Amino acid sequence: MNASFTRMDESTQDDWMTIASASVTYDRQVVDRLFGMLQALGEIDGGFGVTQLDHALQMATMARRDGASDELVVAALFHDVGKAVSMVNHPAIAAEILRPWVSDATYQIVRTHQDFQGRHYYHHFGGSRELREQYRDEPWFADAERFTDVWDQAAFDPEYDRMSLEDFRPICERVFFGEAADGVSRAEVAGG
């Protein structure tokens, strides 16, 4: 049964209990929905030698094999998910999608990864290779350099032995449903 109101100011507590229950069920599917967004990147190569999904899987695999935290592995996996909406604005979109589940440092790394990435190719367009320097004094700067210089810019090899999307499900579930960066259990917040 769904809520019966046609205007919120006519809603009842029973209506909102129905909505809350449906919301908890919906929120438990977040990993599946985000995986769907990533799978859509399998149709986008953007001119690169691999699809954007292959790039994401390679980068996350590199991060995992390099001993990165679960949170940074998830950030690596989803750092370009915004490309499902916009190439130009993808860092901001991806960062906002991840923001509820990651620390501020990880949010900033995803949000600014394009500025860090510019070191490797902006000069081909006459741009500055040093946009990352504006963040030099940030506590997350070294992690952002590792994120882009070690994993992101190197994840375009069609022959790379990468993990599958499903291999990342347990890590994603820990980040999205486990204890959040703020110490609050996501299951508790979702009523589970």
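This is a predicted model: local features need pLDDT of at least 70, side-chain atom pairs count only at pLDDT 80 or more; totals for chains, interfaces and linings use all residues.
1. Which residues of α7 are buried? In this helix, residues 141-151, they are Phe141, Ala144, Phe147, Thr148 and Trp151. Viewed down the axis of α7, these buried residues fall within an arc of 165 degrees, so they line one face of the helix. An α-helix has 3.6 residues a turn, so residues three or four places apart point the same way.

2. Phe147 also belongs to the largest nonpolar core, which has 45 residues. Phe147 is among those with the most contacts inside this core, along with Leu38, Leu77, Phe78, Phe168, Cys172 and Phe176. Two or more residues each come from α2 (30-40), α3, α4, α5 (90-98), α6, α7 and α8 (169-177).

3. Now the loop between α7 and α8. Serine 164 sits there. Serine 164 and glutamine 58 are 106 residues apart in sequence, yet their C-alpha atoms are 9.2 Å apart in space.

4. Next, the surface. Met8, Trp16 and Met17 form a nonpolar patch there. Together they have about 340 Å² of accessible area. Tryptophan 16 lies in helix α1, residues 13-27. Tryptophan 16 is partly exposed, with a relative accessible area of 33%.

Terms used: Residues are numbered from 1 along each chain as its sequence is written. Side-chain values use heavy atoms; hydrogens and water are left out. Patches are made of residues with over 30% relative accessible area and no salt bridge: like charges are joined within 9 Å, nonpolar side chains (Val, Leu, Ile, Met, Phe, Trp, Tyr) within 5 Å. Accessible areas come from the Shrake-Rupley method with a 1.4 Å probe; for residues, only the protein chains shown count as cover. A salt bridge is a side-chain nitrogen of Lys or Arg within 4 Å of a carboxyl oxygen of Asp or Glu. Helices (H or I, at least four residues) and strands (E, at least two) are DSSP runs, numbered from the N terminus. Buried means under 20% relative accessible area, exposed over 50%, partly exposed in between (1.4 Å probe, protein chains only). The arc is that of the directions from the helix axis to the C-beta atoms. A nonpolar core is a set of buried Ala, Val, Leu, Ile, Met, Phe, Trp, Tyr and Cys residues joined through side-chain atoms within 4.5 Å.
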